Amino acid sequence: MLEHLLQRTLPIEALPGIHHFNSVSVLRLDKISPLISGNKAFKLQGHLTAAQDAGRARLLSFGGPFSNHLHALAALGSQLGIATIGVVRGYEHLPLTPTLEDCHRWGMTLLFADKKTYAQRYDSDYQKRLAATHDAYVIPEGGAGLAAQAGCALLAPYCEGFAQVWLSVGTGTTLLGLANALVQQSYHCPELIGVNVVADQGERQRFLQQQMPNVRWRLLEDYHAGGFGRCPDHIQALIERYDALGLPLDPVYTAKLVHAFECEVSRDEAFSAGKILLIHTGGLQGRRGYQLSWPEALHGSVFQRPVIGHD
Ligand SMILES: *Cc1c(COP(=O)(O)O)cnc(C)c1O
């Protein structure tokens, strides 16, 4: 089912509103399906293959209360009849966010972890214990990891003919997976520009410096707008401006990508890198955490099917 979705050709559209600059395009990963959206679909595709090889009954992963990753995982599990478990950062007594309500409705078992427990999520012993207790294949937070990188290789064909490809960076998995696939292509490799949405004191930069293959790339560090998940007024205003232009953006990732792009272009009057592709990595369900509408939610119960194999 997921393979089928990902093999559909996704639209590449002109970035609206950039009049002086007619060679900027947007790859709409948010249009994969209303609910399994964005780069998470590609990353999960890689993990799904690995999970099948591992022969585990369930898929387990970690995320915050607005996690795009848990949302996509729950949707996928519900569609494929695979039981899913979400280890959620936060406390059980808090009301469910719209994101977690969806996850719950789609059959995901939610395990709430306090700060101290959640802090162990990268610890391999902790992961092994979770895997054994729940007979689960454990997917790292944010859907990171080598399997996810492999899934992102499917993005490479879209980049042909572009001089630059821009995308937002959380864990850096999508950027890395794309870079590894691009070096295998026969066409001229575009320059990759990542926009870091996490204020991490250079941690992602160091990680990527160690991992990135031999491609031209840069990580822009000045566009997190106050830190992960922060949505100050200028980002909110940008989202409203693009809503009016027909391009829905999410506050955590894609609005910051477009903001970075606009700033870099206006800073340099002579900016002409040739054809540019911005990757819209989805995440629109997260708009609900910021009092922004998410139209798909209106016809949201796309997945009514009960979960099979969930005890
Ligand atoms: C998770 C996510 C990202 C970040 O992807 P990484 O592979 O972790 O860098 C970017 N955009 C959206 C919408 C996401 O949900």
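**Exercise 1. In this predicted model, determine how helix 3 and helix 4 are arranged against each other.**

Solution. 
Step 1. Start with the handedness: helix 3 and helix 4 make a left-handed crossing.
Step 2. Next, take the distance and the angle. The axes of helix 3 (residues 68-80) and helix 4 (residues 98-105) come within 8 Å, and they cross at roughly 20°.
Step 3. Classify the angle. Angles under 35 degrees count as roughly parallel, so helix 3 is roughly parallel to helix 4.
Step 4. List the residues that meet. Helix 3 contributes L70, H71 and A74, while helix 4 contributes T99, D102 and C103.
Step 5. Sort this contact by class: three residues are nonpolar, two are polar and one is charged.

**Exercise 2. Describe the largest nonpolar core and the surroundings of L178.**

Solution. 
Step 1. Recall the background: in soluble globular proteins, nonpolar side chains tend to be buried together.
Step 2. Find the residues with the most partners. The largest nonpolar core has 56 residues, of which L178, L192 and M212 touch the most other members.
Step 3. Among the elements that give two or more residues to it are helix 1 (2-7), helix 2 (39-54), strand 7 (164-169) and helix 8 (173-182).
Step 4. Look at L178, setting aside neighbours within four places in sequence. Its contacts are C152, L155, A156, C159, V165, L192 and I279.
Step 5. Look for another core. A second, separate one has 30 residues, including L15, L249, V252 and Y290.

**Exercise 3. Is S168 buried or exposed, and which residues does S168 touch?**

Solution. 
Step 1. Locate the residue: S168 is part of strand 7.
Step 2. Apply the cut-off. Buried means under 20% relative accessible area; S168 has 7%, so S168 is buried.
Step 3. Leave out residues up to four places away in sequence. S168 then touches V195, V197, Y253, L257 and T281.

**Exercise 4. Examine the backbone angle phi of Q201 and of A225, and locate both residues.**

Solution. 
Step 1. Take Q201. Its phi is near 55°, a positive value in a residue other than glycine.
Step 2. Check the accessibility of Q201. Exposed means over 50%; the relative accessible area of Q201 is 69%, so Q201 is exposed.
Step 3. Take A225. Phi of A225 is near 55°, again positive in a residue that is not glycine.

Key: Residues are numbered from 1 along each chain as its sequence is written. This is a predicted model: local features need pLDDT of at least 70, side-chain atom pairs count only at pLDDT 80 or more; totals for chains, interfaces and linings use all residues. Side-chain values use heavy atoms; hydrogens and water are left out. Axes are lines fitted to C-alpha atoms, for helices over the stretch in contact, and angles run from 0 to 180 degrees between N-to-C directions. Helices (H or I, at least four residues) and strands (E, at least two) are DSSP runs, numbered from the N terminus. Angles under 35 degrees count as roughly parallel, over 145 as roughly antiparallel, 65 to 115 as roughly perpendicular and the rest as oblique. A crossing is left-handed if the near helix is turned anticlockwise from the far one by less than a right angle, and right-handed if clockwise. Contact means heavy atoms within 4.5 Å. Ala, Val, Leu, Ile, Met, Phe, Trp, Tyr, Cys and Pro count as nonpolar, Asp, Glu, Lys and Arg as charged, and the others, Gly among them, as polar. A nonpolar core is a set of buried Ala, Val, Leu, Ile, Met, Phe, Trp, Tyr and Cys residues joined through side-chain atoms within 4.5 Å. Buried means under 20% relative accessible area, exposed over 50%, partly exposed in between (1.4 Å probe, protein chains only).
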